[in-house]
Amino acid sequence: MVKLVLVLGDQLSDGLSALARADKTRDLVVMAEVASEAGYVRHHPKKIAFTFTAMRKFAAHLRAAGWQVVYTTLDDPENAGSIPAELLRRAQEQGTSSVLATEPGEWRLIEALQDMPLDLTLLPDNRFLCSHAEFDTWAEGRKVLRMEYFYREMRRKTGLLMDGDTPEGGKWNYDHDNRKPASSDLFRKPPPKAHGDATLEAVLDLVEARFSDNFGMLRPFHFQTDRAGALRALDHFITHALPEFGPYQDAMLEGDPYLYHAVIGLYLNAGLLGPMEVCERAEKAYRDGHAPLNSVEGFIRQIIGWREYIRGIYFREGPDYPRRNALNHQRKLPAFYWGTETRMNCVAQAIGQTRDLAYAHHIQRLMVTGNFALLAGVNPAEVHEWYLAVYADAYEWVEAPNTVGMSQFADGGIVASKPYVSSGAYIDRMSDYCGGCHYRVKDKTGERACPFNLLYWHFLIRHRARFEGNPRMAQMYRTFDRMEEGRRARVLDEAEALLDRLSCGEVV
Ligand code: FAD
Ligand code: DLZ
Ligand code: SF4
């Protein structure tokens, strides 16, 4: 019997397990642009355009390679609206009930596929380096699941940057050589822009017609949309940015959204690049003397360490993970996350860039927008929905543990050993944002006091019972307790007043 072979919008890889199991001469590949996937959050228009264009080009690529592909566009009058409904429609059309699929990256869709009245074979996603079983074996019996130890296992498993049984250079982690602040003469050639073509233009028109109310600018559209383009972006990164990747990972600079970041997350997550090929290219750059060890190790750690670890947590913790709220934060997400005015320059820069590019780098996500939401006590489910919507690389398996766990501490400390909170001083040290801000980063109280300064103490004090005993936070509590009493009261009162203004929708 003919089998339907499902290929989702983030499964655009030749070696996908469902394709590997199928018979090209008999089976039928099913791909569909559907309202349910395009609308389960209000995705950034650039993310939708990237996904649809890359899907259409991958379908053409499969056809050229001899596959039979049935492809449903979003505006097809027969479109059944969801992935399971499309599979049912195609199953009836073809007189089959057999479906081969690679496990989707979201519980939501896994459950929807399992509920279909069709004979489903769900295969492991072979594009990751660590299987669910391997992750569980590593996690079993450990009190805490720290990424650093997982990462060492992955180095041993892949052999990347290994010198026999020992890590290259004698150390596993070279982060102490990294974390340089931004200086205004930092300059990197921005990633290559995609050239327009008929497929992209048709999708841009469709997305403009259907999703122009979503937050985010569709044009100019700059992402690559096929494997050849993704490989060009990777080449560009290895040549122009990797050598400085380590030192400037945490830097932020107004007007330079990318600095020395790779800007390949969306290609990796959609399947246009594979994690091993990316890391092998980086390792070769080191062995050829083109990039130093601290940068290459730092980059490889993000991919075989963080990326695989985060996925392991998502699948190990189960479908309720995105709804966790360990700190019982209930505030609504402030409107400025969707582009209304804010006087905080760092936040305005990170969100403005997100609106224009569907991209912000890790420290902007963690220490600016994430930090503010955590300090202000925003409901993590709303923060999660925002991050899932606005970034071109966002899928729940990777976004939720980063947001709910790492950034909002809403999983109670599975991913992060302490909350990622900071006052304005951190942002000032790592960026040039504060110079152009309405607020004064040096002011701890008063009309122009930096909101991060006020809310930092408010956060620590309202969660004192939970965090005071954490050895990594004890010093912060001692610092607060050493402040003069009147000053302590003033800080907390002003923080309360700021939160009230936020609740009333005043510009903050
Ligand atoms: P680089 O900084 O150049 O890093 C190279 C690659 O390493 C990335 O492309 C990515 O594949 C991987 N990587 C780095 N850090 C992480 C991490 N913490 N988790 C997983 N992979 C990582 N990443 C996503 O891919 N999708 C998301 O939806 C996402 N949401 C995030 C939400 C929050 C609140 C935070 C703090 C981080 C989030 N990240 C997410 C992780 C990280 O910010 C992005 O992977 C990175 O910014 C992508 O840009 P880049 O390709 O330039 O990455
Ligand atoms: C992100 C996305 C969007 C916007 N649209 C589609 C779509 O129409 N069809 C599809 O197959 N996939 C789409 N995707 C990617 C899916 O949302 C993704 O496969 C799941 O979230 C699982 O990770
Ligand atoms: Fe951000 Fe505060 Fe600096 Fe303004 S002063 S840019 S709000 S850290």
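I take a residue as buried when its relative accessible area is under 20%, and as exposed when that area is over 50%. The model I am reading is a predicted one, and I keep that in mind for every entry below.

**Helix H6**

I began with helix H6, which runs over residues 132-139, and found Phe135, Trp138 and Ala139 buried there. Seen down the axis of H6, these buried residues fall within an arc of 95 degrees, so I note that they line one face of the helix. What do the buried residues of H6 pack against? I traced them to two helices, H7 (147-158) and H13 (293-317). Past the end of H6 I came to Gly141, where phi is positive, near 80 degrees.

**Salt bridges**

I searched the whole structure for salt bridges, and the search returned 36 of them. I looked up a few individually.

Are the two partners buried, exposed or partly exposed? I find Arg316 partly exposed, at a relative accessible area of 32%, and Asp136 is likewise partly exposed, at 29%.

Next I turned to Asp125 and Arg127, which form a salt bridge with their closest N and O atoms 2.9 Å apart. In this pair both Asp125 and Arg127 are buried.

I also looked up Asp443 and Arg440, a salt bridge in which the closest N and O atoms are 3.2 Å apart. Asp443 is partly exposed, with a relative accessible area of 22%, and Arg440 is partly exposed as well, with a value of 45%. Apart from these pairs I noted a network, in which salt bridges that share partners join Asp175, Arg179, Asp250, Glu297 and Arg301.

**Domains**

The domain assignment gives domain 1 as 3-123, domain 2 as 132-205 + 226-317, and domain 3 as 335-503. How many residues of domain 2 are in contact with domain 3? I count 30 residues of domain 2 in contact with 30 residues of domain 3. Taken over C-alpha atoms, the centres of domain 2 and domain 3 are separated by 25 Å.

**Arg90**

I then examined Arg90, which lies in helix H4, residues 83-94. Its relative accessibility is 9%, and since that is under the 20% limit I record Arg90 as buried. Leaving aside its neighbours within four places in sequence, I find Arg90 in contact with Leu4, Val30, Val70, Tyr71 and Thr72.

**Ligand 3**

Which residues lie around ligand 3? I listed Met344, Cys346, Gly424, Ile427, Tyr433, Cys434, Cys437, Tyr439, Val441, Cys450 and Phe452. Sorting this shell by residue class, I get ten nonpolar residues, one polar residue and no charged residue. The polar class is the one in which Gly is placed here.

Conventions: Residues numbered from 1 in each chain as written. Chains lettered and ligands numbered in written order. Predicted model: local features only at pLDDT ≥ 70, side-chain atom pairs only at ≥ 80, totals over all residues. Heavy atoms only, no water. Near = heavy atom within 4 Å. Buried < 20%, exposed > 50% of the residue type's maximum accessible area, 1.4 Å probe, protein only. Helix = DSSP H or I, 4+ residues; strand = E, 2+ residues; numbered from the N terminus. Arc of directions from axis to C-beta. Contact = heavy atoms within 4.5 Å. Salt bridge = Lys/Arg side-chain N within 4 Å of Asp/Glu carboxyl O. Domains from an automatic or database assignment.
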